[in-house]
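Please keep the sequence and the structure in view while reading.

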Amino acid sequence: MLTIWGRLNSHNVKKVVWFADEIGLPHVRHDVGGAFGMDATYLARNPNALIPTIEDGDLTLWESNAILRYLAARHAPALWPADPVERARGDKWMDWQFAFADAQRDAFLQLVRTPDGQRNGQLIAKSAQATGAAMLVLDQTLAAQPWLSGVHFGVADVPLGVYAHTWFTLAIERPDVPHVRAWYDRLRERPAYARSVMIPLT
Ligand SMILES: N[C@@H](CCC(=O)N[C@@H](CS)C(=O)NCC(=O)O)C(=O)O
């Protein structure tokens, strides 16, 4: 049985829990990180003092997108194309997600984790501008294909799928990105996405 460590209000943990659920992989999750803290046993598993970490058989693994790739390769190969060209086309969005996350961090921290009255409007506006510009890039790709993985849903949709929910939920100015919106609406129809990702931002 797969074990996942990490609190569910973490974007990086949501990716792993959603994907495990998506592929029907039985798992158990333990709250770690943030207010839950990290004990010495956890830090021995992940000396970076970050979440998530998984254990699957003999393997202990951290780095959320590496975890996703491993789970797909091991348990759901149909969701990670074997063809190197097809795989690379989706894979790049998994790396691109980290820059998107950096751009979105200020808007998230200010609007979700900073009390009203103490928020920095400039930081929010800058973050909204940067994420909006990035979403316009994503929109071009999703104008030509339904999923970031290509013709079918796959593991490459997962990292940005998590951040897209935050982007569409935050009270920020957003450019018109109809193809990103349609992709997000398709994600929202997936029960596992609704269970692990479409939860209140905290
Ligand atoms: N690149 C790492 C980043 C992990 C990361 O930054 N995790 C955050 C939560 S999203 C964390 O551990 N924060 C400290 C904490 O929750 O205590 C990954 O993708 O797994």
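## The lining of the largest pocket

The lining of the largest pocket consists of 11 nonpolar, 11 polar and 5 charged residues. In this division, Ala, Val, Leu, Ile, Met, Phe, Trp, Tyr, Cys and Pro count as nonpolar, Asp, Glu, Lys and Arg as charged, and the others, Gly among them, as polar. The model is predicted: local features need pLDDT of at least 70 and side-chain atom pairs pLDDT 80 or more, whereas totals for chains, interfaces and linings use all residues. Residues are numbered from 1 along each chain as its sequence is written, and side-chain values use heavy atoms, without hydrogens and water.

The volume of the largest pocket is about 580 Å³ (the space filled by probe spheres set on grid points that are joined across faces, edges and corners). A pocket is defined on a 1 Å grid over the protein atoms alone, as an open set of points where a 1.4 Å probe fits, with protein on both sides within 12 Å along at least five of seven lines; lining residues have an atom within 4 Å of a point. Among the 27 lining residues, Ser10, Asn12, Ile51, Arg105 and Tyr163 are the closest to the centre of the largest pocket. Helix 4 gives the largest share of the lining, 9 residues (helices are DSSP runs of H or I with at least four residues, and strands are runs of E with at least two, numbered from the N terminus).

## The ligand and its contacts

The ligand sits in the largest pocket, meaning that more than half of its atoms lie within 2 Å of the grid points. The shell around the ligand has 5 nonpolar, 5 polar and 2 charged residues.

Polar contacts are pairs of N or O atoms within 3.5 Å. A polar side-chain atom of Glu63 is 2.8 Å from a nitrogen atom of the ligand, and a polar backbone atom of Ile51 is 2.8 Å from an oxygen atom of the ligand.

Most peptide bonds are trans, and most residues other than glycine have a negative phi. The bond from Ile51 to Pro52, however, is cis, with omega near 5 degrees. Pro52 belongs to the loop between helix 2 (40-45) and strand 3 (53-56). Ala49 lies in the loop between helix 2 and strand 3 and has a positive phi of about 55 degrees, although it is not a glycine.

Technical notes
A polar contact is a pair of N or O atoms within 3.5 Å; within protein, one must be able to donate a hydrogen and the other to accept it, and residues adjacent in sequence count only if both atoms are side-chain atoms.
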